[in-house]
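Work through the exercises below with the structure open beside you. Try each task before reading its solution.

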Amino acid sequence: MPPPAVGPGRRTAVLTVMCLALAVVVGMLASLLVAVPGMARDLRATEAQLQWVMNAYGVTFAGLLLAGGALGDRYGRKGVLLSGLAVFGLASGAVLLVDDVALVIVLRGVAGVGAALVMPMTLSIITAVHPPESRGRAVGIWSGVSFGSALLAVLLAGGLLEAYSWRSVFAVNAGLAAVALLAAAVLAPPSRAACAAPLDAVGALLSVTGIGAVVFGIVEGPERGWAHGAVLGGFAVGAAALGAFVRWELRTPYPLLDLRVFRLPGVSAGSLIITAETLAMFGFFFLGLQYLQEILGYSPMRAGLALVAMAVGAMVFSPVAPALAKRYGMAVVIGLGMALIAAGLLVLAAVVGGSGNGIRGFLVATAVLGAGVAFAATPATEAIVAALPAGKQGVASALNDLTRELGGVLGIAVLGSVFNSAYRSEVGRAAEGLPDGASGTASDSLAGALRVADEVGGARGAEFAGAAREAFNSGMSSALVGGLAVVLLGGGVAVALLRRVR
C-alpha cells in the first residue's frame, strides 16, 4: 500500500522526524562511550561487563535489523516505527530505575530490539513519501545524519556529564524517543510493500543467536579463560547457529538475507571494507574515550571535543572521495582509505605506548583516521549499490546498515578483549603483594585498580596507580595494533576483489 500523496511542507516535516528517530537510535551507542568511565565507577562494572553494556544493544540491533525491515514491509512501516520507538524509549528510561549492571545489560538488549525496528523504517518512509526528483536529496540528508549523529551524540553526552551523572544520557535518549514517537504518530503516513514476502523468523532467530554466542565467547574469554567451558560453549553455539543460518538462507524461498549476492565482488568487497573499518573505529572509540578521561584526565565534554579532528578529516575528504573513485577507480581510493586508517592506528598505538607526541599526536592521528574513513566508506557503499540491480536496492541498503552495525559490535568485542587480556596480565603482576582480593578488583577495570590504589594509599598506592595506568596504555596499544591488522587484511582482500570489477 503506497502512502497518500503529501505536499512539500509535510515531506520536509516527515524527513525531519525520520532523521530525529535515526539520530536517537544511531547516537545511543556512541553517546554511551563517553559515559563508560562513570558507569564503571558507579556500578563497579568489570571491563567485560562494560563491553556487554555496549554490545547487548549492538547484538540485538544488528541481528534483528533485516527482520525489522521485513516486518515494516509486511505489516506497515508506520506501526513498526512507532512500536520500535516505544520499546527503545521505555527500555532507555527504565535504566534510570536500576542499579544492577546485569539489569542494565538486559535493558540495553531490549533497546536494541527497538532500534532494529526503527532504523530501516526511517529510510523506507522517506523513500516512500518523496518523489524521484527529491528522493536523492532526502536520502543524502538521511545518510549525513546517520554518519554525523554519532559525533553529535558524543558531544551531547559530554555536555550532560559535565553537570549530571551517566544516567542523564539515558534520560535524554528516552525523552528524544518520546518526541520522535509523538511527531511520527502525527506526521508519518501509513505505507507497506505491495507484495511483501513472509517474515523469515527462523533466519532472524539464528542470526541473533549466532552473533550473540560468538560475541559472548570473545568478551568472556579474557575474564573466564579461553579454555573455560562457557567460553568454548559460546563459540560452539555461535558456529553452529551461523552455519545453520547460512544453510537455511540458501534453502528458504523467502530469505532474510540472500547470501548469493556475496558472489558479486562489489558486494563482498564493499561489505568487507565497511565491516573492517567500523570494527577498528568502534574499538578505538570504546578505548580512546576511556584513555582521554581516565589517563589524560579530560572531562567528558573535552574528551568529546578531542574527536572533532576526526570529524573534520571526514568532512573535508568525503566530498572528494566519489570524484576520485570515478577517476582512478574504487580499488585505488578504497586502498588509500584503508592505508590511512592503518597509519592513524599505528600513530595512536605509538602515542598511547608513550613514544608519541601526547595530545597533538592523538589529534593528528584521529584526523588521519577521519580522512581514511572518508576515502574507504563512501566508495565501499557505492560498490555495494552499483553491484546490485535497481530491484535489489533494498538489499543494498540493508547490507550497508548490517555490516556497519556488525562491525561496531565486533570492534568493541574483539579489540576490547585484546585490551582486556593484556591489561589483566600486566595489572595482575603489579598487584602482587597487595591485600587479598585487591588483585581481582584491580584486574576487573582501571576504575577498580584506581579504587584499590586509593585504599592502599601512600607511596605504594601511588606506585600501583601508575602501574595500572601503564597497564591500560599497554592493553590499548595492543588493541590498536590488532585493529591495524584487521584493516590491512580486510583492505587487501577487498582491493583484490575490486580489481575484478569493471
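Buried means under 20% relative accessible area, exposed means over 50%, and partly exposed covers the range in between. The structure used here is a predicted model.

**Exercise 1. A residue in a loop**

Task: Find where R44 lies, and decide whether R44 is buried or exposed.

Solution. 
Step 1. Locate the residue: R44 sits in the loop between α1 (8–43) and α2.
Step 2. Read its relative accessibility, which is 55%. The cut-off for exposed is over 50%, so R44 counts as exposed.
Step 3. Look at the backbone: R44 is not a glycine, yet its phi is positive, at about 55°.

**Exercise 2. A glycine in a helix**

Task: State which helix holds G68, and classify G68 as buried or exposed.

Solution. 
Step 1. G68 belongs to helix α2.
Step 2. The relative accessible area of G68 is 1%. Buried means under 20%, so G68 is buried.
Step 3. Compare sequence and space for G68 and L85: they are 17 residues apart in sequence, and their C-alpha atoms are 12 Å apart.

**Exercise 3. Salt bridges**

Task: How many salt bridges does the structure hold, and which residues form them?

Solution. 
Step 1. Side chains of opposite charge can pair when their charged atoms come close. The cut-off for a salt bridge is a side-chain nitrogen of Lys or Arg within 4 Å of a carboxyl oxygen of Asp or Glu.
Step 2. Count: the structure holds three salt bridges.
Step 3. Take E294 and R41, whose closest N and O atoms are 3.0 Å apart. This pair links distant parts of the chain, with E294 in helix α9 and R41 in helix α1, 253 residues apart. E294 is buried, at a relative accessible area of 14%, whereas R41 has 46% relative accessibility and counts as partly exposed.
Step 4. Take D99 and R167, where the closest N and O atoms are 2.5 Å apart. Here too distant parts of the chain are linked: D99 is in the loop between α3 (77–94) and α4 (101–129), R167 is in helix α6 (residues 167–187), and 68 residues separate them. D99 counts as exposed at 62% relative accessibility, while R167 counts as buried at 14%.
Step 5. Take E277 and R404, which meet in a salt bridge of 3.7 Å, N to O. E277 lies in helix α9 and R404 in helix α15, so this pair ties together parts that are 127 residues apart in sequence. E277 is buried, with a relative accessible area of 2%, and R404 counts as partly exposed at 24% relative accessibility.

**Exercise 4. The largest cavity**

Task: Describe the volume and the lining of the largest cavity.

Solution. 
Step 1. Rolling a probe the size of a water molecule over the atoms shows where empty space is left.
Step 2. Count the cavities of 30 Å³ or more: there is one. The volume of the largest cavity is about 50 Å³.
Step 3. List the lining: V36, P37, A40, E47, L50, Q290, E294, S445, L446 and A447. E294 in this list is the residue that forms a salt bridge with R41.
Step 4. Assign helices. At least two lining residues come from each of α1, α2, α9 and α17 (446–456). The most, three residues, come from α1.
Step 5. Sort by class: six lining residues are nonpolar, two are polar and two are charged.

**Exercise 5. The second largest pocket**

Task: Which residues lie nearest the centre of the second largest pocket, and how does its lining divide by class?

Solution. 
Step 1. The space in this pocket is about 480 Å³.
Step 2. Its lining has 22 residues, and nearest the centre lie I211, L242, F245, L402 and L406.
Step 3. At least two lining residues come from each of α2 (47–75), α7 (201–224), α8 (229–251), α9 (265–295) and α15 (393–430).
Step 4. By class, 16 lining residues are nonpolar, six are polar and none is charged.

**Exercise 6. A surface patch**

Task: Which residues form the nonpolar patch on the surface that includes V316?

Solution. 
Step 1. The patch is formed by V312, M315, V316 and F317, and together they have about 350 Å² of accessible area.
Step 2. V316 is in helix α11 (residues 308–317), and V316 counts as partly exposed at 46% relative accessibility.

Methods. Residues are numbered from 1 along each chain as its sequence is written. This is a predicted model: local features need pLDDT of at least 70, side-chain atom pairs count only at pLDDT 80 or more; totals for chains, interfaces and linings use all residues. Side-chain values use heavy atoms; hydrogens and water are left out. On a 1 Å grid over the protein atoms alone, a cavity is a set of points where a 1.4 Å probe fits but cannot get out, and a pocket is an open set with protein on both sides within 12 Å along at least five of seven lines; lining residues have an atom within 4 Å of a point. Grid points are joined across faces, edges and corners, and a volume is the space filled by probe spheres set on the points. Helices (H or I, at least four residues) and strands (E, at least two) are DSSP runs, numbered from the N terminus. Ala, Val, Leu, Ile, Met, Phe, Trp, Tyr, Cys and Pro count as nonpolar, Asp, Glu, Lys and Arg as charged, and the others, Gly among them, as polar. Buried means under 20% relative accessible area, exposed over 50%, partly exposed in between (1.4 Å probe, protein chains only). Patches are made of residues with over 30% relative accessible area and no salt bridge: like charges are joined within 9 Å, nonpolar side chains (Val, Leu, Ile, Met, Phe, Trp, Tyr) within 5 Å. Accessible areas come from the Shrake-Rupley method with a 1.4 Å probe; for residues, only the protein chains shown count as cover.
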